[in-house]
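Please read these notes with the model open beside you. Take the points in order and find each residue as you go.

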Amino acid sequence: MSLPEMMRAVEISEAGAPEVLKPCTRPVPRPKADEIVIKLAYAGVNRPDALQRAGLYNPPPGASDLPGLEGAGEVVAVGAAVSDWRIGDQVCALLPGGGYAEYVATPAAHALPVPKGMSLKEAACLPETFFTVWSNVFMRGGLQAGERFLVHGGSSGIGTTAIQLARAFGARVFATAGSAEKCKACAGLGAERVINYRDEDFVEVAKAEGGMNLILDMVGGSYIPRNIKALAMEGRLVNIAFLQGSKAEVNFAQVMMKRLTLTGSTLRPQSDEAKAKIASALLTKVWPLIEAGQVGPVMDSTYALDDAAKAHAHMENGAHIGKIVLEI
């Protein structure tokens with residue numbers, strides 16, 4: 001299949017608010033030896049896209065400057081060293097960038113087959129959240145069946161994924177959210193106790209349960225010392241974002257006395273090899289659950305590619321539940 005020379009895309013014209021996202025025309029990427037090129041049908045919208053747009057999260061060296069870290073579509077070109085994919089395969093993929101476009105190149109090892117029975121729209125919303133949750137909750141956080149797990153921002157794309165996966169693997173799941181509607185959504189996904197943080201203190205709820213064994217936090221700021229108080233003996237705190245900021249005053253005597261583990265990660269800067277390992281684990285451990293209908297993305301809304309600015313504004317007003325997607 002011969003690729004066109006040019007494609008439609010949405011670029012960041014300058015650092016700023018959602019309206020700096022502008023439609024543009026860019027050259028269609030060609031695959032390196034270990035890459036595939038995907039003709040995208042849909043692309044997921046994620047918080048890191050907004051951070052990049054605001055000038056706070058630069059793409060790694062060699063990555064496209066276009067936003068977009070996940071998508072789904074059809075393989076239209078394969079690099080010389082690629083043997084796992086063929087032209088015409090339907091895939092979803094974690095992207096180094098460039099997802100807000102008709103075509104994108106990505107390492108072949110970061111692509112996964114579209115789960116049986118799932119639409120491309122839904123599949124486009126799998127990679128970023130499922131890679132993030134699996135690597136942080138299970139690989140880094142070591143969640144085990146029977147443990148008490150708390151996820152903050154339970155109604156977000158990350159939160160809805162974390163609730164489902166933790167429940168599927170036998171953990172007791174707790175979540176925080178900021179409205180009755182969001183709390184209801186979290187409970188419907190399998191959280192046994194959902195804390196409306198506007199009305200209740202999650203620390204007190206956690207203590208009443210004996211403390212949390214693992215907490216996944218994307219809030220940071222004032223939540224960091226509160227998380228430490230909410231953890232059980234030998235508990236683990238995993239930070240993946242800092243909506244309230246990355247600095248806090250921490251009493252490390254509590255960390256020592258309770259023998260806690262404080263850790264965290266970002267996904268995008270990790271090596272291609274590390275991301276490939278996550279993809280392999282998802283294929284064997286999580287894709288069967290998706291195909292069995294036990295877990296899946298919670299869909300919020302769909303926007304046209306040229307309306308990416310509206311999608312970002314919707315994400316940043318905080319009213320969404322689950323994933324926002326661009327139709328390419």
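1. In which sense do E3 and E15 pair, and over how many bridges? They pair in the antiparallel sense, over 4 bridges. Two strands count as paired if DSSP finds at least two bridges between them. Helices (H or I, at least four residues) and strands (E, at least two) are DSSP runs, numbered from the N terminus.

2. A word on the source before going further. This is a predicted model, in which local features need pLDDT of at least 70, side-chain atom pairs count only at pLDDT 80 or more, and totals for chains, interfaces and linings use all residues. Residues are numbered from 1 along each chain as its sequence is written, and side-chain values use heavy atoms, with hydrogens and water left out.

3. Look at strand E3, residues 35-45. Of its 11 residues, 9 are buried, so E3 is mostly covered. Buried means under 20% relative accessible area, with a 1.4 Å probe and protein chains only. With strand E4 (residues 70-78) it pairs in the antiparallel sense over 7 bridges. With strand E6 (residues 103-107) it is joined by 5 bridges, again antiparallel. Find isoleucine 38: it stands opposite valine 75 in E4, and its bridge partner in E6 is valine 104.

4. Now glycine 44, also in E3. Is it buried or exposed? It counts as buried because its relative accessibility is 0%. Glycine 44 stands opposite valine 325 in E15. Leaving out residues up to four places away in sequence, glycine 44 touches Asp49, Glu70, Tyr100, Ala124, Ile324 and Val325. Contact here means heavy atoms within 4.5 Å. Glutamate 234 is another matter: it lies 190 residues from glycine 44 in sequence, and 36 Å away in space, C-alpha to C-alpha.

5. Turn to strand E15, residues 323-327. Why is it described as largely enclosed by the rest of the structure? Because 4 of its 5 residues are buried. Strand E14 (residues 299-304) pairs with E15 in the parallel sense, over 5 bridges. Between them the chain passes through helix H11 (residues 308-316), and this β-α-β crossover is right-handed. That means that, with the strands pointing away from the viewer, the path from the first strand over the helix to the second runs clockwise.

6. Threonine 129 sits in helix H3, residues 127-140. It counts as buried because its relative accessibility is 1%. Its side chain reaches the backbone oxygen of leucine 126 at 3.4 Å. Setting aside neighbours within four places in sequence, its contacts include Asn46, Glu70 and Lys323.

7. Next, the rings. The whole structure holds 4 aromatic pairs. Rings of Phe, Tyr and Trp (its six-membered ring) pair if their centres lie within 6.5 Å. Ring pairs link Trp134, Phe138 and Phe169 into a cluster.

8. Last, charges over rings. The charged end of arginine 226 sits over the ring of tyrosine 223, 5.2 Å from its centre. Arginine 268 does likewise over tyrosine 57, at 5.8 Å. The test asks for NZ of Lys or CZ of Arg within 6 Å of the ring centre and within 35 degrees of the ring normal.

Note on methods
Buried means under 20% relative accessible area, exposed over 50%, partly exposed in between (1.4 Å probe, protein chains only). A polar contact is a pair of N or O atoms within 3.5 Å; within protein, one must be able to donate a hydrogen and the other to accept it, and residues adjacent in sequence count only if both atoms are side-chain atoms. Rings of Phe, Tyr and Trp (its six-membered ring) pair if their centres lie within 6.5 Å; planes under 30 degrees apart count as stacked, over 60 as edge-to-face and the rest as tilted.
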